[in-house]
Amino acid sequence: MKNFLFLMVFSAISFIVSPAQNKHEVLIGGGAGLSTLRYEESKFGFGGNVNLGYAYNFSERWALFTGVEFDFLNAKTGANPVLSSELIHVQAYAPIGDDRFDYNAAMQGFSEKQKASYLSIPVMARYRFPLSKGAIYAKGGMKLGIPMCSSFDQHIDQYTTTGFSYLTHLTHQDEPEYGFSTYNDQHADGSLDLKFNVALALEAGYAWHIADRHNLYTGVYFDYGLNNVASAENAPVVSYNATKPSQPVQNSITAASSGIHTMALGVMLRYSLGFGHTTKKAEPASPADVMPLQARNDGQQNGLAHGNNQNQGDGQGQGAGQQGGNTSGQGQDQGKGQRVGDGSANQGDGQGQATAQQDGNTSGQGQANSQGNGQKDSAENAARRSIEEPVTGYGVSQATPGKTQKQELNDRIALLKQYPELQFYIYGHTCSLGDDAINELMGQLRADRAKAYMIQNGIAEDRILGTASKRDTEPLVPNTSIENRRKNRRVEIKIVNE
């Protein structure tokens with residue numbers, strides 16, 4: 001018990017993230033082990049059950065479980081010798097007075113087997129403690145059982161009946177006509193008269209997360225009947241037959257017991273299929289993740305525009321400086337060539353200045369055209385960067401886009417519609433939780449379902465060149481915390497057009 005408690009505490013510290021739990025579960029399975037009818041002389045028998053269940057998950061941890069279950073119980077006993085006694089009335093002694101006898105039967109080589117089946121309806125509460133690849137679970141409640149069929153098979157090698165008379169105070173034997181004799185190799189069978197069963201039901205084990213919506217439950221169970229299911233009590237194994245005294249009646253040994261209780265202890269295996277909305281939502285994104293995409297685009301475009309204006313101003317100042325420098329240089333060269341030609345030099349300076357201004361105007365027009373094309377290219381580049389930003393916030397076993405992911409995809413769909421020439425791939429990513437096979441499948445599912453959502457919302461299928469799973473091979477950040485793993489569980493769009 002201490003080891004079990006330690007395991008629970010250690011698991012609570014070591015594992016925090018769990019697969020999302022569907023709102024509804026349908027379960028089918030069975031169990032096997034000790035499954036018996038308990039009474040004083042009984043020995044354990046083996047049996048089991050098959051079951052069909054339904055679980056309604058109130059939250060990630062708590063659920064209400066019910067269903068239908070067929071329970072099969074077996075028991076046996078063998079006692080040597082077995083004594084049976086009852087008070088009888090022998091009609092032949094009635095005319096002479098007291099007809100009371102103690103009817104006794106001493107048996108050797110006694111054996112009996114019992115079989116019973118119940119249709120049970122469990123009503124149980126279940127608690128799940130989530131781990132990385134599944135959950136520890138425990139549930140408890142009641143099972144209400146309706147007896148379906150039951151039987152006993154009895155054999156006695158030999159039994160001898162005697163009668164003690166209250167009238168003569170003598171023991172009578174070897175009087176077959178009165179029912180006092182020895183009987184060899186006697187066999188009897190029949191049905192058990194069992195009642196409604198109310199049992200305490202407990203179960204604990206581990207729920208293995210196989211894939212999205214699929215779980216496998218393995219555990220141990222213990223059921224114990226709270227009420228006595230025997231209809232008749234204190235009936236002797238060998239009973240006096242007043243109609244035919246020479247043919248005693250053999251009853252099941254269960255009728256002679258003070259009470260019968262059902263009991264079962266075994267191992268359980270169940271397959272679960274979930275459906276409905278998950279009870280665990282995707283982990284909330286940080287404020288930066290949930291910032292509207294258009295707001296980020298506006299900020300990027302404002303920054304680009306600011307940079308263009310600054311570059312334009314710098315270019316104009318630089319052009320003016322170069323223009324003045326060229327004019328001054330021409331004047332200096334002509335002055336060095338001849339001092340008398342000042343007028344010609346000035347004229348040359350004027351012509352050079354006019355030519356420089358004309359060249360500057362031409363350069364300005366080219367710069368304006370280049371600036372317009374640059375702004376257009378910058379807007380498309382900003383859109384590309386926004387489209388390729390990762391869509392994060394997926395739950396551990398969440399493949400279908402949730403509300404947050406749909407909002408992010410809608411923003412990207414809007415931008416892709418503005419640039420219909422863009423073609424792209426879609427990649428699905430996971431965090432480091434889970435083995436490679438599960439993560440490969442989960443990454444592919446995320447990519448495929450994002451593709452389906454985009455097609456449903458107006459993106460032509462031929463623009464999507466393919467989907468693939470990147471698994472956990474390209475993390476954005478180290479998988480060292482819940483927040484980092486949440487960021488790494490994502491879908492990414494990669495544009496291939498130049």
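A: The protein contains seven helices and 17 strands, and the model discussed here is a predicted one. Of its 498 residues, 40% count as buried. Among the contacts in the protein with a separation of 6 or more, 77% are made by residues 24 or more positions apart.

The part to examine is the pairing of two helices. Two packed helices are described by the angle between their axes and the distance between the axes. Helix H5 comprises residues 403-418 and helix H6 comprises residues 436-456. The axes of H5 and H6 come within 10 Å and cross at roughly 55 degrees. Angles from 65 to 115 degrees would count as roughly perpendicular, and those under 35 degrees as roughly parallel; H5 and H6 are therefore oblique to each other. Their crossing is right-handed.

Which residues bring the two helices together? From H5 come Lys 406, Leu 409, Asn 410, Ile 413 and Leu 416, and from H6 come Ala 450, Tyr 453 and Met 454.

Ala 414 is found in helix H5. With a relative accessible area of 39%, Ala 414 is partly exposed, because that class lies between the limits of 20% for buried and 50% for exposed. Ala 414 and Ile 459 are 45 residues apart in sequence, yet 9.4 Å separates them in space, C-alpha to C-alpha.

A second pair of residues concerns helix H4, which spans residues 342-387 and includes Ser 386. Ser 386 has a relative accessible area of 0% and is therefore buried. The C-alpha atom of Ser 386 is separated by 7.3 Å from that of Arg 412, although the two residues stand 26 residues apart along the chain.

The surroundings may now be considered, beginning with the nonpolar cores. The largest nonpolar core has 25 residues, of which Leu 37, Met 107 and Val 238 touch the most other members. Two or more residues of this core are given by each of strand S4 (62-77), strand S6 (100-130) and strand S7 (134-165). The largest share, seven residues, comes from S6. Apart from this core lies another, of 21 residues, among them Ile 413, Leu 415, Phe 424 and Met 454.

Leaving aside its neighbours within four places in sequence, Leu 37 is in contact with residues including Leu 73, Ala 116, Leu 192 and Ile 260.

Most residues other than glycine have a negative phi. Asp 174 is not a glycine, but has a positive phi of about 55 degrees. Asp 174 lies in the loop between strand S8 (171-172) and strand S9 (182-190), and its relative accessibility of 61% means that it counts as exposed. Arg 471 likewise is not a glycine and has a positive phi of about 55 degrees; Arg 471 is found in strand S16 (residues 464-471).

To return to the part requested, H5 and H6 are oblique to each other, with a right-handed crossing.

How values were computed: Residues are numbered from 1 along each chain as its sequence is written. This is a predicted model: local features need pLDDT of at least 70, side-chain atom pairs count only at pLDDT 80 or more; totals for chains, interfaces and linings use all residues. Side-chain values use heavy atoms; hydrogens and water are left out. Axes are lines fitted to C-alpha atoms, for helices over the stretch in contact, and angles run from 0 to 180 degrees between N-to-C directions. Helices (H or I, at least four residues) and strands (E, at least two) are DSSP runs, numbered from the N terminus. Angles under 35 degrees count as roughly parallel, over 145 as roughly antiparallel, 65 to 115 as roughly perpendicular and the rest as oblique. A crossing is left-handed if the near helix is turned anticlockwise from the far one by less than a right angle, and right-handed if clockwise. Contact means heavy atoms within 4.5 Å. A nonpolar core is a set of buried Ala, Val, Leu, Ile, Met, Phe, Trp, Tyr and Cys residues joined through side-chain atoms within 4.5 Å. Buried means under 20% relative accessible area, exposed over 50%, partly exposed in between (1.4 Å probe, protein chains only).
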